[in-house]
Amino acid sequence: MTDASLLYFAYGSNMSAAVMRGHGGRAEPVGAARLEGWGLRERRHADIEPAEDEIVHGLVWRIDARMLRALDAFEDLPDYYRRIELRVRLVEDGRDLEVLSYRMTASAAREQDGQAFASVYARLCARAARAHGLPVHPLYSV
């Protein structure tokens, strides 16, 4: 994946256009997407983990290198989240895309497991999902 064509899959607060603008750099929405075989987890912040019969709904952004650096800092790489590569399916046309995303480190997941989302965070994620025509995950319903 080259700097000119970085694709990023957001499933939490970064689904919000306002949040993404706040990071600096360039981000353009590509479309709603499904991450099959993974599940959303509540660990104070959104996290994902492999889960055979689950789907995570999110948004694919086309980002530049500056935005990637900003996201790495926002996600507290490498201590809290780590960057991963995934394959998602665009809802609009069914195309599969190779994307970057973030997943909590094993130690952060252990420390945060069972910690509820703050209500303001859950509402932000729910609003962002609705804004992009995505189903609102029950964890975001407050």
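User: What do the buried residues of H2 pack against?
Analyst: This is a predicted model. In it, the buried residues of H2, a helix spanning 65-74, pack against E1, helix H1 (17-23), E2, E3, E4 and E5.

User: Which residues of H2 are buried?
Analyst: The buried ones are Met67, Leu68, Ala70, Leu71 and Asp72.

User: And what follows H2?
Analyst: H2 is followed by Asp76, which has a positive phi. The value is about 55°, although Asp76 is not a glycine. Asp76 sits in the loop between H2 and E4.

User: Where is Arg44, and what is its phi?
Analyst: Arg44 lies in the loop between E2 and E3. Its phi is positive, about 70°, although Arg44 is not a glycine. Arg44 counts as partly exposed because its relative accessibility is 41%.

User: Let's move to the core. How many residues does the largest nonpolar core have?
Analyst: The largest nonpolar core has 45 residues. Those with the most contacts inside it are Phe9, Met15, Ile48, Val60, Ile63 and Tyr140. Elements that each supply at least two residues of this core include strand E2 (27-43), strand E4 (81-90), helix H3 (106-112) and helix H4 (119-131).

User: Which element gives the most to this core?
Analyst: E3 does, with seven residues.

User: How far apart are the C-alpha atoms of Ile48 and Leu35?
Analyst: They are separated by 9.8 Å, and the two residues are 13 residues apart along the chain.

User: And Tyr140, what does it touch?
Analyst: Not counting residues up to four places away in sequence, Tyr140 touches Tyr11, Gly12, Met15, Leu40, Ala46, Phe117, Tyr121, Ala122, Cys125 and Ala126.

User: How many of the residues of E1 are buried?
Analyst: Five of its five residues are buried. Leu6, Tyr8 and Ala10 are on one side, Leu7 and Phe9 are on the other, and both faces are covered.

User: How many bridges join E4 to E5?
Analyst: Nine bridges join them, and the two strands run antiparallel. Tyr81 stands opposite Met104 in E5. E4 and E5 form a hairpin with five residues between them, and Gly94 in the turn has a positive phi of about 75°.

User: Now the open space. How much of it lies in the largest pocket?
Analyst: About 240 Å³ of space lies in the largest pocket. The lining has 17 residues, and Ser13, Phe74, Glu75, Tyr81 and Tyr121 lie nearest the centre of the pocket. By class, that lining divides into 10 nonpolar, five polar and two charged residues.

User: Which strand gives the most to the lining of the largest pocket?
Analyst: E1 gives the most, with three residues. E3 and E5 each supply at least two residues of that lining as well.

User: How many cavities of 30 Å³ or more are there in the whole structure?
Analyst: The search finds one. About 90 Å³ of space lies in the largest cavity. Its lining includes Tyr11, Met15, Leu40, Val56, His57, Pro135 and Tyr140.

User: How does that lining divide by class?
Analyst: The lining of the largest cavity has 10 nonpolar, two polar and no charged residues. E3 gives the most to that lining, with three residues.

Key: Residues numbered from 1 in each chain as written. Predicted model: local features only at pLDDT ≥ 70, side-chain atom pairs only at ≥ 80, totals over all residues. Heavy atoms only, no water. 1 Å grid on protein atoms, 1.4 Å probe; cavity = no way out; pocket = protein on both sides within 12 Å on 5 of 7 lines; lining within 4 Å. Points joined across faces, edges and corners; volume = space filled by probe spheres on them. Helix = DSSP H or I, 4+ residues; strand = E, 2+ residues; numbered from the N terminus. Nonpolar A, V, L, I, M, F, W, Y, C, P; charged D, E, K, R; others polar. Core = buried A, V, L, I, M, F, W, Y, C linked by side-chain atoms within 4.5 Å. Buried < 20%, exposed > 50% of the residue type's maximum accessible area, 1.4 Å probe, protein only. Contact = heavy atoms within 4.5 Å. Pairing = 2+ DSSP bridges.
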